[in-house]
Amino acid sequence: MGDTKVYKNFINGKWVESQSGETFENRNPAHKDELIGIFQKSTSSDVDMAIDAAAQAYKKWRLVPAPKRGEILFRIASRLEKEKERFSQDMTREMGKVIKETRGDTQEAIDMTFYMAGEGRRLFGMTTPSEMNKKFNMTIRQPLGVCSFITPWNFPMAIPAWKMMPALICGNTIVIKPATDTPLSVVNLVKVCEEEGIPPGVVNLVTGSGGTLGKALIDNPAVKVVSFTGSTEVGRKVSQACATNFKHACLEMGGKNVQIVMDDAKLDLAVDGVVWGAFGTTGQRCTATSRLIVQKNVAEKMISMLVERAKKLKIGNGLDESVDMGPCINEAQLQTILKYIEIGKKEGARLLTGGEHLTGGDYDKGFFVQPTVFTEVTQSMRIWKEEIFGPVLSVSTFDTLEQAIEMANDTIYGLSASIYTQDINNAYVAMRDVYTGIFYVNAPTIGAETHLPFGGTKNTGNGHREAAMAALDVFSEWKSIYIDYSGILQRAQIDNA
Ligand code: UN1
């Protein structure tokens, strides 16, 4: 281990070792020899301790006035701004995506924290007339209690912040379990929470594998909300586990996002969009563009422009500012991507560029794959239907907008979609008829901002949205309050009939 730093769990305001006495390594996916840190391999009893601490802390935190909670969040956001470069460098080292993208990830955490800090002075309820005389009606948001968060590796700080900040501003307490590939970014975030005044027990962090800790994070009776971002397969299990005791589950799962290009589109812009949408974050976003459909009469031109651009992308270590695309997160993900490339070839799609595992020199130290474009992809192929979570783009063509919309909706997912067109009528029809939670016009399928709801339809989610004011609905429940100042019994629906 040498000088490698050992990171601990954070429970009840203290950095503590796991009861297991075991640890795991976090290595750089661009360079396996680089050990980022040693983290606690926690057990379910560590999780139980964290949940107990959160349940105790809830008794006080729920009573801290929301504007005061907001002040702490403002301090956290300002501190994140100061540490932005250091945290982004750490994130590229542990996750692999290029430094300009990890700066964006940290910025997204900053934006979310400032946004929710401001909510401390809003958290608006409603006042509304009563049907009775001398009666006053209003609604307030009340927190639920302990929230468990199971967060992914692709947005190591942004997604934890999406969940933590709205939960905290509403008065809940937290136990977070980050992905085993990216625990350092959450340690960084939690440390800032500690140092900027979040009281002990309000935010707790436990590292380790979801397989081992998931049950304890969900089943403990003190847990009232579970928020999970990850695969649809695991999300279904989370949902089932929550259902038995009516726990609130907020699920953000897979995507098979499409970019539609009409023949009147600015093709240069559409190519910029798809290169960024498909190969940004090495395609490892839930919002990544994994399908491109182009109107037939411009398809040949657009596809050749795209292939030329994909070939020029520089692949390597994300800390090098000139690199366009970093590695895949780990060996298993690399193998999944390579497997899908083989499936695409076998299914008869035409591989136009990429498709290879990059080896030789520094590439041997990491999990690198080429940006890959398949054309002649049909709607029955697995590479059209299944989420790959890698830099593999499936391209197809269409004749009419109506057909494009049918193809766009031909998926079990519904996160994000986009259309490139200069015709406002096309844009509005697609906006109305493509059934996703997020839609872009003349912009790629990635790039959601924190003050708009984030989430998807169908197998992407279970009706909740993260971010924006919508997140407050996940982390609070409405209480309707009736105050009768008439001094007499007034019976609703009876005395006023
Ligand atoms: C994700 O893909 O998991 O819109 C989150 C985006 C980012 C967030 C993506 N702001 O692509």
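Colleague: Which atom of the ligand does a polar side-chain atom of Thr 287 lie 2.8 Å from?
Modeller: An oxygen atom of the ligand. Keep in mind that this is a predicted model, where local features need pLDDT of at least 70, side-chain atom pairs count only at pLDDT 80 or more, and totals for chains, interfaces and linings use all residues. Residues are numbered from 1 along each chain as its sequence is written, and side-chain values use heavy atoms, with hydrogens and water left out.

Colleague: And what does the backbone of Cys 286 do there?
Modeller: A backbone N or O atom of Cys 286 sits 2.8 Å from a ligand oxygen. For Ala 448, a polar backbone atom is 2.6 Å from an oxygen atom of the ligand.

Colleague: How much of the ligand does the protein bury?
Modeller: Taken alone, the ligand exposes 320 Å², and the protein buries 99% of that (areas by the Shrake-Rupley method with a 1.4 Å probe).

Colleague: Which residues are around the ligand?
Modeller: Among them are Glu 108, Phe 155, Trp 162, Arg 285 and Phe 454 (a heavy atom within 4 Å counts).

Colleague: Which domains does that shell draw on?
Modeller: At least three residues come from each of domain 1 (9-253 + 461-480) and domain 2 (257-441), with bounds from an automatic or database domain assignment.

Colleague: New topic: what does rolling a probe over the atoms show?
Modeller: With a probe the size of a water molecule, you see where empty space is left.

How values were computed:
A polar contact is a pair of N or O atoms within 3.5 Å; within protein, one must be able to donate a hydrogen and the other to accept it, and residues adjacent in sequence count only if both atoms are side-chain atoms.
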